[in-house]
Amino acid sequence: MGAVRRLVDAETGEAIPHAPYAFSGRHTQVDKARVEAITESKAFTPSQKFLVLWWIGVSPEGMEPLRATGADIAKRVGMSTDAVGKINRKLAKHRILIVRGRIGNYNFYRISPYIAFHGTGLEQREAVKTCNPPDIPGFNENVPARWEAQ
């Protein structure tokens, strides 16, 4: 194994403090305002809100869909296949989930890149061009804090 590399300030020669990310693996950029709006909305049940958070965690990199059936998802989250199907369809109706593939009559979904994205900023900028923003009851996209740096 190689030696540990220390970062050094070029002007002073002093060691620069360094700490690795505290994440346990892959991580995702998340729009906190949209997730907050979903979790506080009366339009969604606790189970629907739970699945939104689950989809944030499992959606693959880029715009790839999660290649899992409703039955696969149901086993993973402890719900019935019917419940997962109904929730996924409602979340897709609100464009929180987007359809990114299909086999037979089953859609493959992923979380909207407006809500969460695993990739570079440039890739996310291109990804949002491929779909409309989510329809989140109570979320006001025109509030300056939503689009303007503070």
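Helices here are DSSP runs of H or I with at least four residues, strands are DSSP runs of E with at least two, and both are numbered from the N terminus. Counted that way, the protein has six helices and four strands. Starting at the N terminus, the order of the elements is β-α-α-α-α-β-β-β-α-α.

A quick word on what you're looking at: this is a predicted model, where local features need pLDDT of at least 70 and side-chain atom pairs count only at pLDDT 80 or more, while totals for chains, interfaces and linings use all residues. Residues are numbered from 1 along each chain as its sequence is written, and side-chain values use heavy atoms, with hydrogens and water left out.

Let's begin with the whole chain. Of the 150 residues in the protein, 35% are buried (buried means under 20% relative accessible area, exposed over 50%, partly exposed in between, using a 1.4 Å probe and protein chains only). Now take contacts (heavy atoms within 4.5 Å) between residues at least 6 apart in sequence: 55% of them join residues at least 24 apart.

Two packed helices are described by the angle between their axes and the distance between the axes. The axes are lines fitted to C-alpha atoms, for helices over the stretch in contact, and the angles run from 0 to 180 degrees between N-to-C directions.

| Helix pair | Angle | Axis distance |
|---|---|---|
| H2 and H3 | about 105 degrees | 12 Å |
| H2 and H4 | about 75 degrees | 10 Å |

What do you call angles like these? Angles under 35 degrees count as roughly parallel, over 145 as roughly antiparallel, 65 to 115 as roughly perpendicular and the rest as oblique. H2 and H3 are therefore roughly perpendicular to each other, and H2 is roughly perpendicular to H4.

Which residues do the touching? H2 (residues 46-58) and H3 (residues 70-77) meet through Phe50, Leu51, Trp54, Trp55 and Val58 of H2 and Ile73, Arg76 and Val77 of H3. That contact has seven nonpolar, no polar and one charged residues (Ala, Val, Leu, Ile, Met, Phe, Trp, Tyr, Cys and Pro count as nonpolar, Asp, Glu, Lys and Arg as charged, and the others, Gly among them, as polar). Towards H4, the H2 residues Ser47, Gln48, Leu51, Val52 and Trp55 meet Val84, Ile87, Asn88, Lys90 and Leu91. By class, the H2 contact with H4 has six nonpolar, three polar and one charged residues.

**Rings that meet**

Rings of Phe, Tyr and Trp (its six-membered ring) pair if their centres lie within 6.5 Å; planes under 30 degrees apart count as stacked, over 60 as edge-to-face and the rest as tilted. Searching the whole structure turns up three aromatic pairs. One of them is Trp54 with Trp55, edge-to-face at 5.3 Å centre to centre and 80 degrees between the planes. Trp55 and Tyr109 have ring centres 6.3 Å apart and planes at 75 degrees, so this pair is edge-to-face. Trp55 is in helix H2 and Tyr109 in strand E3 (residues 106-111), so the pair ties together parts that are 54 residues apart in sequence. Trp54, Trp55 and Tyr109 form one aromatic cluster.

Leaving out residues up to four places away in sequence, Met63 touches Ile98, Arg100, Arg110, Pro113, Phe117, Ala127 and Thr130.

Arg95 lies in the loop between helix H4 (81-93) and strand E2 (97-103). Arg95 is partly exposed, with a relative accessible area of 34%.
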